[in-house]
Amino acid sequence: MSKGFVHSVKVPRLYKIASKIVRDVQENGASLKTLIFSEKHPNVSGLYALTLNTLQKSDQLNQLINETKILLNEPRFDPWLARILITELIWGKQRLTGNAKPVETVLNYESRLRDALKNINASDIAIPQKTVSKPRYVRVNTLLLSVNEVVQNFEYEGWSLVLEYTDYSSYLKLISNLSEPYFTKDYHIPELLVFPHGTSFFNHPSYKNGEVILQDKASCLPSYLLNPPVGSVVLDMCAAPGMKTSHLAAILQNRGTVYAIEIEKRRYQTLCELLTTTNSQCVRTMNNDALSIDPSHCPNVEYILVDPSCSGSGIVDRPKVGNKDGKYQLGRLKNLQAFQVFLLRHALLNFPSVKGVVYSTCSTNREENEDVIDEILTNVGDAYELVSIEKLLKKDWINYSSKDSGCGKRCIYAKPQIDLCNGFFVALFKRNFDVPLPAYIPRTYDMFKGAECKSLNEKEKKDDQENNEDRYNGSSSKKKKKRKKKKRADSAAERREECVDIEEIDDKDDVITSQGSSKRKHKSTSKDILTKKSKT
């Protein structure tokens, strides 16, 4: 017997694909945009809007489903397809067409769904996120066409190039007011074009054939600042989905070598597909753990890009799933920071021929940025210099790292409200060959986890001791004592969870994942990344 509806009229393909994508994001922590592009559906923007809306309305959907009992009354109704159809009816096009059984079922519940929506407590409804209307950034793939050729192609289509700026401030003013049919060139990155907010390129021939890449300016900064000379050997330690890797190949003009490392199989496939589309012939890909890579795998590496998984707090168009606001607790940020230090230290101390290393995150949290660099500076001593990016950009930048950190003003931040791009942090290290590299001591996840758990266990013992003292000393208020005990218990449970999992959202290059499914994802990603070397 079939597990789903038996019906002769098929559900529109858009809805079936959307339900499959939402399920994969919620249950497996998959990347929303990666899944959408892998489907190769002709209506990419419609598919993205519907799936994103469904994820953002997840809390309301759960309440509506519980209130109307639609899934209890219709046990053979696919719950994920139900969510997609309800979203389309209530918050999307606000209508459903066709005679498919699932469509008719949702339409039969329409009045009950709308009545239930009125009864949802306002406090349970997710508050819309404040967003920045950043422009559309388009990087020219100079491996296929020159910037001038692409500009001419756009002008032939009716676009007009405007270059009415003299400094960074006037440039920001220009792009904040861009409207059709005008576009401009980026102030810093010569191969980056800027179009009005909301301009769609998903169906543009130049995007489909790899001549242009939809890449935010912030994501272009790491490769641009690393700037390896033609003929260099470069290592990209966390390469998928491949935006920065293909940018590095273009900077090298396909003359040299880029080693691109990615541990997760599906993201590795996405990486390979993008590199093929962009004609990045100098790239050698490896489906491997970056922490297991050394000069025997990638000989003569001169430049390294370290762009590890992070909280993704700087991503402007990152969806808010349900009531989750995307903010990380301090303990979780510290765990991410530990991994980021881990990877950057491996890059700096394990490749003796390296001349320059860029560290970048799409995060605006100090824990993942200045605090990482501060710890690394104590490790490398004078073997590396932290380069002043302010000087490289000729002081034509606005936001820098904190003065009260070891970074001083030598690193940069991109801030969405000011720079009109995703939030980002970039640091640049330059090798001082007059000073030998400090001894590299490989560390494993097990060592890190053991130390963390020991520390947490000691803290819990201390809490227990304080509880025992309270029993003997008495308390002026039993309620106060119970609240204190409950708070300690909750805190201890939270610390144990942090000790087991290093939570990460792989949000690089606008790749979106669901926070709600992070634990499942970690079992196959972040924990594997940190344990694989110890197993080998």
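The questions below concern a predicted model.

Q: How far apart are the end C-alpha atoms of helix α1 (residues 13–28)?
A: Helix α1 has 16 residues, and at 1.5 Å a residue they should span 22 Å. The model agrees with this expectation, because the end C-alpha atoms are apart by 22 Å.

Q: Is Cys362 buried or exposed?
A: The UniProt annotation "active site", from an unreviewed entry, covers Cys362. Cys362 sits in the loop between β10 (356–361) and α16 (370–380). Its relative accessible area is 1%. Buried means under 20%, so Cys362 is buried.

Q: Which residue does a cis peptide bond join to Glu180?
A: Most peptide bonds are trans. Here omega is about 10 degrees, and the bond is cis.

Q: What is omega for the peptide bond from Ala240 to Pro241?
A: Pro241 is in the loop between β6 (233–236) and α13 (243–251). The bond from Ala240 to Pro241 is cis, with omega near 5 degrees.

Q: Is Lys394 buried or exposed?
A: Lys394 belongs to the loop between α17 (389–392) and β12 (412–414). Phi of Lys394 is positive, near 55 degrees. Its relative accessible area is 72%. Exposed means over 50%, so Lys394 is exposed.

Q: What is phi of Lys395?
A: Lys395 lies in the loop between α17 and β12 and is exposed, with a relative accessible area of 61%. Most residues other than glycine have a negative phi. Lys395 is not a glycine, yet its phi is positive, at about 60 degrees.

Notes:
Residues numbered from 1 in each chain as written. Predicted model: local features only at pLDDT ≥ 70, side-chain atom pairs only at ≥ 80, totals over all residues. Heavy atoms only, no water. Helix = DSSP H or I, 4+ residues; strand = E, 2+ residues; numbered from the N terminus. Expected span 1.5 Å × (residues − 1). UniProt positions renumbered as here; feature names shortened; annotations may be inferred. Buried < 20%, exposed > 50% of the residue type's maximum accessible area, 1.4 Å probe, protein only.
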